[in-house]
Amino acid sequence: MKQNTSNLLKRHLKETMIVEPNDLGLPLLTTLYRKVNVFFKTAPFIFIVPLSIVGAVGLVYLFGILAVRLVSLLQYGF
Amino acid sequence: MFFKRSIGLIFTPYSSMRKISLESTWHEYIWILILTIAYFVVTNTVHFWMNGLIGAFGLYGSTIIFFSLLPSHGTIKEKMHRLTKTWTYTLLPTLIWFYSTLFFYFLIPPPRTASILGQSFSIFYIAFSMSLLVWKLILTYLSIRFSLRIHLYRVIYYILIYLALSIPLWIFLYNIGISRVPFV
């Protein structure tokens with residue numbers, strides 16, 4: 001049991017360290033990056049979907065008929 | 001396992017893509033290639049399927065070769081192997097978008113109008129497309145990061161070079177009628 005847990009932990013550590021953590025040069029940038037990164041690592045759709053809806057509403061409100069034409073264009077895109 | 005990995009890419013894209021770069025086999029991601037072929041065969045009713053399929057596989061292969069040749073960790077063979085696994089999974093949002101566009105094309109054929117219904121559908125469709133695009137960008141970044149094992153700045157730099165070379169190619173493919181929206 002202990003051996004299994006130990007092997008699992010070793011495997012997980014090895015997997016986690018396949019890439020070095022990102023260092024953006026400036027400590028402030030790195031801290032900001034780490035704070036923002038958290039949202040992208042787990043269930044990013046939680047904030048992507050509402051932001052996309054807000055963006056889409058804004059786009060249609062600002063551009064009106066042009067946004068509707070864009071959608072028609074995209075629908076022919078397949 | 002393919003289904004489990006696909007769900008993982010929605011809920012935990014970072015750790016899922018990391019596992020894919022280490023463990024995934026062709027038995028899993030072959031389904032994405034099968035779905036891609038199926039998509040182009042289905043669209044044969046609208047335009048000739050072989051053109052689109054050749055364009056899609058051409059883009060796919062050239063992308064993998066391009067990123068493998070860039071300076072990074074590992075031999076070219078290792079990088080190509082890892083990229084094949086991870087880049088194939090980045091086609092998931094692409095496939096979802098193309099299949100859903102095909103579905104909406106037959107369900108609610110364009111063109112859209114400026115009526116309330118037209119605008120509502122436009123908002124939904126733009127939001128849907130934007131969500132998939134952001135997911136695609138996340139998966140692309142993770143694919144390059146875990147396949148080439150490079151830092152953020154280099155990933156962004158390589159993506160910019162890739163876009164600089166790809167965008168003219170996509171415009172060319174559009175002009176010769178291979179594809180309207182690039183299948184990347």
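Trainee: Which residues in helix 3 of chain A meet helix 4 of chain A?

Mentor: L59(A), V60(A) and F63(A) of helix 3 meet I65(A), L66(A) and A67(A) of helix 4, where contact means heavy atoms within 4.5 Å. By class this contact has 6 nonpolar, no polar and no charged residues. Ala, Val, Leu, Ile, Met, Phe, Trp, Tyr, Cys and Pro count as nonpolar, Asp, Glu, Lys and Arg as charged, and the others, Gly among them, as polar.

Trainee: And what are the ground rules here?

Mentor: This is a predicted model, in which local features need pLDDT of at least 70 and side-chain atom pairs count only at pLDDT 80 or more, while totals for chains, interfaces and linings use all residues. Residues are numbered from 1 along each chain as its sequence is written, chains are lettered from A and ligands numbered from 1 in the order in which they are written, and side-chain values use heavy atoms, with hydrogens and water left out.

Trainee: At what angle do the axes of helix 3 and helix 4 of chain A cross?

Mentor: Roughly 120°, and the axes come within 5 Å. Helices are DSSP runs (H or I, at least four residues), numbered from the N terminus. Axes are lines fitted to C-alpha atoms over the stretch in contact, with angles from 0 to 180 degrees between N-to-C directions.

Trainee: Now across the chains. How do helix 3 of chain A and helix 7 of chain B cross?

Mentor: Their axes come within 8 Å and cross at roughly 135°, so the two helices are oblique to each other. Oblique is what remains after under 35 degrees (roughly parallel), over 145 (roughly antiparallel) and 65 to 115 (roughly perpendicular).

Trainee: Which residues make that contact?

Mentor: Among them are I48(A), V49(A) and S52(A) of helix 3 of chain A, and Q119(B), S122(B) and I123(B) of helix 7 of chain B. By class the contact has 13 nonpolar, 5 polar and no charged residues.

Trainee: How many residues of each chain are in contact?

Mentor: 37 of chain A with 46 of chain B. The two chains bury about 3800 Å² between them, 69% of it on carbon and sulfur atoms. Buried area is the accessible area (1.4 Å probe) that two parts lose on being put together, summed over both.

Trainee: How many salt bridges between chain A and chain B?

Mentor: 2. A salt bridge is a side-chain nitrogen of Lys or Arg within 4 Å of a carboxyl oxygen of Asp or Glu. E15(A) pairs with K19(B) at 3.9 Å, and R18(B) with E15(A) at 3.2 Å, N to O.
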